[in-house]
Structure formats: C-alpha cells, structure tokens
Amino acid sequence: MVSHPQPTDHALTTRRPASVTSRSTTTRRHRSSRSHTGGASFRPQNEFPNFAQTGDLEIIINAEGQEKRYMLHRLILAQCSGFFEASTSEDWSRAQVQGVAPTVGSVQSSGLAKIGEEDEYGREAGRPTIPTAPPRDRHRWRYELDWGNKDDEVPMLVQKPATSSLFGGDQTYHPPAAPNKPSAPTNSFFRSFAAMQSAAHIPHQAPDNDLIRDYDNLFRIFYNYPPNLDPLNIAESYIQCKSLLNLADMYDALEVVGPRIDHHLLQFQSRLWKQIAKYPPSYLKLGYLARSKVIFAEALIHVVGQWPAGSNQLRNHVPEAVFDLIEDKAEELAEKQLKTEGKLFRLTLTTPRGERVTPANSYMDWLASSLFRQWLVENTSPPPPLPPKTPNSNQPSPRTQQQNKPPVSVGHLYRLLCSAGPAYLPHDELKKFLKISKGFGAEGNGNSEYRREELRKFERRVEEVKGLAREVVRPLMRSFLELDLGKDGSGVVLGYLTCTRLEEGDFPWEG
C-alpha cells in the first residue's frame, strides 16, 4: 500500500493565474526613439497644393520664369469649374490610363497586421487579407498654361498627355512590406495632428507674379482656403479681385469664387462705400461678376443717379440685361422727378376759408408763393441763351453774369428743399424782396415802406411754403445707399438722387 503525504495548510493556497500573477511584475515596454521623418513610416505629402497620394489632376503654371505645380483632384475641380467638368469628361478628355501596381507584401497571412490602420486601397488591416484582383486603373490628367502664339492672346490651361509622375518617375506610392513581427506604432497621429494644424491656416505667401497669384487663389478657393488678397489697401485689393474674377469667369467658376470676393471686399465697410461712390461703373461690373447683391446695388444707385454720365463706360462692357436694368431704373427716377417738380410748381397757400391766395384776398401770402416759384424756376430750368454781343459793349451785363453762375445740381436742389431753416431764401433775400416790391403795405395802413412786423409776417408765410415743399420732396430724399450721407451735412455730399431701390427680382443673374 502506497501512502501519500497529507498537504499542509499553507500548501492549500490556490495558485492564481499566470496573467494575474505576472501583472505586478511585468515591466512596461518603452518605445525606441526614432525619427518621424523618413524611414518606414514616411509618406509623400497629401495636402494642398500637392495631393501626391490621392491627386489625379496635375496642373503646371509657368509665367515669367516662375513655375507653380499642383496635384489636385479631378472631382473637386469639376464640381467648382465648368471648364474642368467638360474637359475631363469621357467625350473630351485625353486622359491616359495608368495602372496602379499591387503593393508588395500587402498580403501576409502569416504576419501580424497593424491594428487600426488601412492599406493603400482602404481595406481594414488586422485580419488576413485575401488576395484579390488589382484595383481599377486610375485616370490621370495633366494641364499646362499655354500662352498662345500672339501677344494679345489670353493664356489658358491646355490639356496635355499625362506623365507618370509630378516630379518624374513613378507617381504611385508603395508602402513598405508588412514585417513578420509587430512593429512600433507609426507616426500617423503626429502627421494627422500636423496636417490638421496646417489645414487650419495655410501660410499666406502670395507669389510674385500676378498670374500665378490668380491661379493660386483660384485653386485655394476650390479647396475652401481663403485667397491671398490685400487686406489693407482697398485699391490694390480691387485690382486683385477684378483679375481673379476675370480668371474665374474664363473657367466658369464664378459661382464658387464670387462669394469669396464678396466676403473679402465687404470687410472694408465704409472705405468700400466711398470707393464705390468714386468709381461706380467699375464696381458695378465687379459686383455683377461676383454676384454680390450689396456691391451691385450700391454701385447701381450711383450709376442711375448720374445717368447718362457713365453710359460710355458701361456700353458694350456689361451684359445687355444690366444695361437694360440701368435704363429702366433711370426712367423710373426721371418720372418721379417730373411728378415732384409738377407738385412743387402747383404749391400755394390758402386763406382761412380754404381759398387759394390771390393778390386780391391775401397779397402778402401771394407774394410768398410767387417768390418761391421764381426761386424754383431759376434753379430747375436752364438759363436763357445769351444775347448777341454788340461791338460797343465791353462791360458784361448782369444777364451775362447770371449765365456764368454754375447751375445747382438736382440732388443739391432737392436736399435744399428738404432741409429746414435758412438754407435757401434767407432773411436778407426776403428783406430785399420786400423793399423793391411795389404796392406793398396795401393790407396795412396804406404805407409802402418797409416795416419790421410785416417782414416777420412775410417770413412766416415763406416758411409755410417751405414746409409744404419739404413734404413734397421727402420721398426723393430717401437713400438706399450703405454710404453715410449724414442728415446734418457731416456725411458725403452727392449731387444726384439716391432713392433708387432694387427688389429681390431685379438682379440680372436671378432671371
């Protein structure tokens, strides 16, 4: 009989699993220090302006000895530009088909894949990869800036046979073979973080050449980056915006570029309104190209108010729809002005019984109305022609001196009528008028001499006429400009009317 030793109490202790036992003694494995640039984890740049991994459309811009290269996406350019959409279509494109070689070592059934990463073709790693057929051939497009054969030709992008690489050689990127042992984590996190920071703000280093700058801004806008435009000098910014809009118009990309230009120019605020007041035809064309309702309406109000002064600058330079819109608004403004002038000439005071004043029932009130009409005629009607000169007349006549007086502009005239106080027909003119009026004082004591009480009464009657005229011209004094004209004369003074208004359906590009 074989006897077995009985276990002691301390031997009855249950042994914990090895994984639990070794947890307290296992040391943390430290990553070996390595460089994050180059080596097995290095990949080519894949961000604007060179999408070396995903780009399929190469663009080369050469101008005045400078060269700018882009590797972009056909899909994005086709969505933003009608030119690229048509030129890269199946019917018109001359794109070459380039096969993408299968990745060496991408199928490693015995190896351990990198967890949480994807291979070149977007397949999730971390599980055995079944060998499949190579991916579809990928199209490549290549465009170069063609300057043409004549000096007056506008340079244009022309499609060329695609090359195999942006910088020569094979463009296809081959990632390293998967090793047979787990490798340390790659620097994808650091690269993603750096790419995120660079995407938030690409350095605004504008090229020296204007044409290269315009193309660079065009592609930046396509990828939703802010264009490199002058943020301080509005005159220089206008030149850059105009050049960029002309380029976008040539490539059928105004719908994408226009809002960016509108946003940039509106940042100037009051300086922009003053520039539009100085050069309304130029900003009218710019506002139309940018599809900016604010800039277009602001410039149109100035153009209509001065019409037909700027017709030569706009004729054959803007679409017919824009020119017709200006003429229609100018006719509406002229019709309003004629109706207002008719009401002003029909203004008169009434007696307490509601009758119109006449020399018979209220001589002083009739004088006040007559003086106002005479002042209105002198400021709204052209002066009569000069009399023929006589050989013996060397001294200028009073009528000749009156002819040399500059006429009052329409805007200034109506603003005088809408103002209060002695802006026109002041106290001295009223006093002089009463002194030379014959028969004055018939309603008083029969004396034609000037008296202070009668002057005050006459001034009150003139102020009544001014009040009536102020209400008549008030609709014409409405201003739909963003420019501050100032109610007290502190703003910009314009010599034309600014009451033109554009409704939602009036903009030419909405029709």
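**Close-up views: cysteines, aromatic rings and charges**

View 1. Cys 80 is buried, at 13% relative accessible area. Cys 499 is buried too, at 6%. Buried means under 20% relative accessible area, with a 1.4 Å probe and protein chains only. The model is predicted: local features need pLDDT of at least 70, side-chain atom pairs count only at pLDDT 80 or more, and totals for chains, interfaces and linings use all residues. Residues are numbered from 1 along each chain as its sequence is written, and side-chain values use heavy atoms, leaving out hydrogens and water.

**View 2. Aromatic pairs.** The whole structure holds 22 aromatic pairs. Rings of Phe, Tyr and Trp (its six-membered ring) pair if their centres lie within 6.5 Å; planes under 30 degrees apart are stacked, over 60 edge-to-face, the rest tilted. Phe 83 and Phe 84 are edge-to-face, because their planes meet at 80°, with centres 5.1 Å apart. Phe 84 is buried, at 1% relative accessibility.

View 3. The rings of Tyr 215 and Phe 219 have centres 6.3 Å apart and planes at 45°, so the pair is tilted. Tyr 215 is buried at 0% relative accessible area, and Phe 219 is buried at 0%. One aromatic cluster includes Tyr 215 and Phe 219, with Phe 83 and Phe 84 also among its members.

**View 4. Charges over rings.** Arg 291 lies over the face of Tyr 288, 4.9 Å from the ring centre. The charged end of Lys 466 sits over the ring of Tyr 424, at 4.7 Å from its centre. The rule requires NZ of Lys or CZ of Arg within 6 Å of the ring centre and within 35 degrees of the ring normal.

Notes
Buried < 20%, exposed > 50% of the residue type's maximum accessible area, 1.4 Å probe, protein only.
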